Amino acid sequence: MAAGGSASAQAARHREHAQFLTRQLREAHRAAARWSAAAAGERQVAAALWALTGSGWTLLVDRLWPGTATANVDMILVGPAGVYVIDVKNWRAAPQIVDGELIAASRSCTSEAVKLQAVTRRVEDALADMQMSPVAVAPVMVFVGRQVDERLGRVHLVGIHELLHTVTSARTRLRPPVVRAVAAHLTDVFPAYEAPQLPDTATTDAPASTRDEPGELFDVDDLAAEQLRAARERPVESWMTFLHPDQLSLVRRRWGGPARITGAAGTGKTVVGLHRAAYLAQSGGRVLYVTFVRNLPLIQKHLLERMAPAGSDRIEFTSLHRWAVTLLAQRGVAARLNVAKADDCFARAWRTHGRHTCLADLEPSPRYWEDELRHVIKGRDISSLPKYLAASRPGRRTALRKAHKEAVWALYEEYQRLLNERGVQDFPDLLLTALAELRRHPTDGGYTTVIADEVQDLTLTGVRILHAIAGDSPNGLLLIGDAQQAVYPGGFRLADAGINIRGGRAEVLHVNYRNAAAIMQAALNVLDGEPFDDIDGMTITAPPAVEMTYHDGRVVHSPSDSRPMHDAALRKALNDLATQSDNALADAAVLCATKRDVDHYLQMLKARGLPVLNLDDYDGRPGQALKVGTYLRAKGLEFKNVYLPCHDRGLKAAQLGGSADIDRLALARRQLFVAMTRARDLLWLGSITDGAPATSMNGC
């Protein structure tokens, strides 16, 4: 080695070390500046939010993330609108959402949103101890000095001004006692990371109420009772999304395959379905929410958007037939649905192949046989006479001998010939075409979950379509419904659709949160212990075991001697209701058995100056109008006050003296039962004495 070489090498090492320390020092200064900026940003946000504490909000600042040594949660805001998990960002570059990524200064920052969602789930877990729905919790990323109002999945990206607008304009979810209890619980679960640096006016981040008065202690039952009481006071649209804490476990449950939720009327099946859809969508899934009634999807969509806006764009609400039309359009297959021409085809087929056969001797009403073709043969995708002869007929109790089934098949073939000749389809044909397309080329449409509400009103073909979409994947298919509330003829069994509900994947709800006890008892009396076929293949003969929680409502019977007297009594009852409060009519409905009666009462009430809205046009948004619609259109809905004019006419009309009376009467009873159980507080039952003919507009 040359002289001085060792000293030179050592000097070089010292210079490199000095340069390393210099870089470290500069980075430390930059980090200190970033932390200082972050702290300043958090103080700005805390100062803005602290102004809310005087109006029922509680702010928790700089909390330790449980299970970690150093990780913290910037803020948790608890108030009337729910719980907000807040992450404050004081970035130099403006945030952008590009192709589903959070970008700042051309760099992906999506991991920040992922971390925020992780801590939000921890908050959800903590609130699950209090049996609170996860839809009440929202992750928010606040950008200091920015005007931002965007969403990245479930995470809401806002500036300070936008944050204040968001929390103050959101609908009320929690009453003051619940806010205090939730804040106290989260204070224990998320302890202070260090002494909070808050505005001079703030001395502590404990709930404001505890600084001025002794704290209230609430157990889970107290909170549940408070939430239930508060929900009943709100407009009916808010009530329709109220989830009782006891049902929370169903919202978060993981099922290993197809699952089913059933229960009597008023037990909250649909509410569980909506909250589960929101929970799965907020967790990153894509949900298809299907029902049979065509007006219900739009109503449910708007209810969910008000309940849980985050993730609502990942939920598709649709009727099964509309989904089928969309699928066929995507496949380039024309949907040739024409209801009027299909009805004419059946009328022609009945005249030549039904009216003068043994079918008319057994049951003269052609409607019964039309339902047999559409709901049994087509609804079960029965493709040959031998299969029809061997087929069971769930939901229909009128016995058919071989000669009857052969005559039915001849009627069916003539009906199909006329449909094909005219180039049209009926509703069952539409579903059969969609099912054939799915079997030819399976698709899931990108859905992680399919939820079928009011599943008992679907046909076997419809359920097979849903199973073809979702398969048997975990959390893939959820069927919600109660066969006792089936309002369409026919039925099916899950086994025939290849669906196996096992391993604890069937849940029965037993607690009625909706109906006053007197209303439910009146509705059960209408059923008169009528047995019904469940979709699991069992025949149920005993009344449902239901625990009632509400006892303040009432049933009003209003008999009249004539139609004018009957309608005058209805008008008086509605006028009396209108005087109770400004929005009393908005939470009420007049429900009728037929569209003809709907038109009659819409015209009559409008002429009397009452604000009315056809249920066909109701979309779930709050308004001031009285709803008027058919029993079928009221499926899945509920109202504080329900008025049923001529309520027993359908029961009388079902008793024609034919062999199919047993099926007609059972269907009429179930339809009336559904209409009666839409009522929560008051059920008005109008009727006319037997002096006038049942089919006349002069009598019921």
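These points cover the cores, salt bridges and one surface patch of a predicted model.

1. The largest nonpolar core has 40 residues, and L591, L637, L644, M676 and L683 touch the most other members. At least two residues of this core come from each of several elements, among them helix 6 (220-233), helix 10 (296-307), strand 24 (639-644), helix 23 (661-676) and strand 25 (679-688). Leaving aside residues up to four places away in sequence, L637 touches M240, L296, I299, L615, Y618 and R678.

2. A second, separate core numbers 35 residues, including V73, A113, V123 and M130.

3. The whole structure holds 43 salt bridges. In one of them, K89 pairs with E112, with the closest N and O atoms 2.5 Å apart. K89 belongs to strand 3 (residues 82-89) and E112 to helix 2 (residues 110-128), so the pair ties together parts 23 residues apart in sequence. K89 counts as buried because its relative accessibility is 9%, under the 20% cut-off; E112, at 23%, is partly exposed.

4. E363 and R664 form a salt bridge at 2.9 Å, N to O. Both E363 and R664 are buried. The pair links distant parts of the chain, 301 residues apart: E363 sits in the loop between helix 13 (358-362) and helix 14 (366-377), and R664 in helix 23.

5. R680 and D681 also form a salt bridge, their closest N and O atoms being 3.0 Å apart. R680 and D681 are both buried.

6. A network of salt bridges links D343, E370, R374, K378, D426 and D429.

7. L337 lies in the loop between helix 11 (320-330) and helix 12 (339-353), and its relative accessibility of 31% makes L337 partly exposed.

How values were computed:
Residues numbered from 1 in each chain as written. Predicted model: local features only at pLDDT ≥ 70, side-chain atom pairs only at ≥ 80, totals over all residues. Heavy atoms only, no water. Helix = DSSP H or I, 4+ residues; strand = E, 2+ residues; numbered from the N terminus. Buried < 20%, exposed > 50% of the residue type's maximum accessible area, 1.4 Å probe, protein only. Core = buried A, V, L, I, M, F, W, Y, C linked by side-chain atoms within 4.5 Å. Contact = heavy atoms within 4.5 Å. Salt bridge = Lys/Arg side-chain N within 4 Å of Asp/Glu carboxyl O.
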